[in-house]
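Here's a quick tour for anyone meeting this structure for the first time.

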Amino acid sequence: MQHGRLLRKLLLLTLGMFAFAFALVPLYDVFCDVTGLNGKPSMKVAEQSEAIIDSRQVEVSFTTHSQGHAPFKVDAAQHFVSVQPGKLTDVKFIAKNMSDSDRILQAIPSVSPGKAAKYLHKMACFCFDQQPMKGKEEVEFVLRFYVDTELPDDVEELTLSYTLFDITERVSQTQNVQLGQLVALKEF
């Protein structure tokens with residue numbers, strides 16, 4: 001009888017821990033949205049700004065790094081730009097698939113300081129989509145963005161960092177699509 005009560009308590013505890021772990025991801029997202037921590041920028045296309053602050057300059061720098069053995073090299077043509085809040089800015093990125101085989105690149109952005117993430121608005125970004133690339137292919141991407149006019153005055157510089165992932169295996173497994181078809185669609 002005592003073992004039955006203990007077993008029920010342990011099962012309830014296990015279910016409670018599972019429910020808590022399952023709820024952590026959305027709770028973390030809400031926490032990041034409220035506090036501005038973690039530098040998670042929006043992955044949605046922004047609306048164009050109506051206002052420009054001519055009297056203020058904000059420096060935006062760009063970094064990239066490959067996760068694990070991702071065979072990609074992506075560099076900004078300009079490692080930093082000085083922008084006026086509200087003014088649309090274009091920055092070119094050169095991406096190269098360093099491997100001999102066709103691969104799929106996914107870039108995940110982050111912004112630091114984290115509280116500035118909600119003030120960097122991207123209108124065009126290679127991070128919005130998966131990027132199929134042929135072996136040794138070099139591609140030019142354009143990032144079109146603006147810094148919100150509501151950016152706090154104490155933030156004078158931002159860093160937009162991209163982590164590059166090779167998602168080729170995951171895409172082919174989950175979608176059951178041949179990479180050659182994806183690359184052919186890109187060329188079409």
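Predicted model: local features only at pLDDT ≥ 70, side-chain atom pairs only at ≥ 80, totals over all residues.

A search of the whole structure turns up 6 aromatic pairs, and ring pairs link F62, F93, F126, F141, F145 and Y162 into a cluster. There's also an open sheet of 4 strands.

**Aromatic rings**

- A pair of aromatic rings is described by the distance of the centres and the angle of the planes.
- Take F93 and F126 to begin with: this aromatic pair is tilted, at 5.2 Å centre to centre and with 55 degrees between the planes.
- F93 sits in strand β4 (residues 89-97) while F126 belongs to the loop between β6 (120-124) and β7 (131-133), so their pairing ties together parts that are 33 residues apart in sequence.
- Are F93 and F126 buried or exposed? Both of them are buried.
- F126 also forms an aromatic pair with Y162, again tilted, with 4.7 Å centre to centre and 40 degrees between the planes.
- Y162 lies in strand β9 (residues 157-166) and F126 in the loop between β6 and β7, so this pair ties together parts that are 36 residues apart in sequence.
- Like F126, Y162 is buried.

**The sheet**

- Strands of a sheet pair through backbone hydrogen bonds, either parallel or antiparallel.
- Here the strand order is β2-β4-β8-β6, and the pairing is antiparallel.
- Which strands stand at the edges? They're β2 (72-76) and β6, each with a single partner strand, so one side of each is left without a neighbour in the sheet.
- On average, neighbouring strands of this sheet are turned by 30 degrees against each other, direction ignored.
- Zooming in on β2 and β4, the two run antiparallel and are joined by 5 bridges.
- K73 has K96, in β4, as its bridge partner.

**Backbone details in the loops**

- S112 and P113 are joined by a cis peptide bond, with omega at about 0 degrees.
- You'll find P113 in the loop between β5 (103-112) and β6.
- K136 has a phi near 65 degrees, which is a positive value in a residue other than glycine.
- Where is K136? Look in the loop between β7 and β8 (138-147).
- With 44% relative accessibility, K136 counts as partly exposed, because that class runs between under 20% for buried and over 50% for exposed.

Key:
Residues numbered from 1 in each chain as written. Heavy atoms only, no water. Phe/Tyr/Trp six-rings, centres within 6.5 Å; stacked < 30°, edge-to-face > 60°. Buried < 20%, exposed > 50% of the residue type's maximum accessible area, 1.4 Å probe, protein only. Pairing = 2+ DSSP bridges. Axes fitted to C-alpha atoms, helices over the stretch in contact; angles between N-to-C directions.
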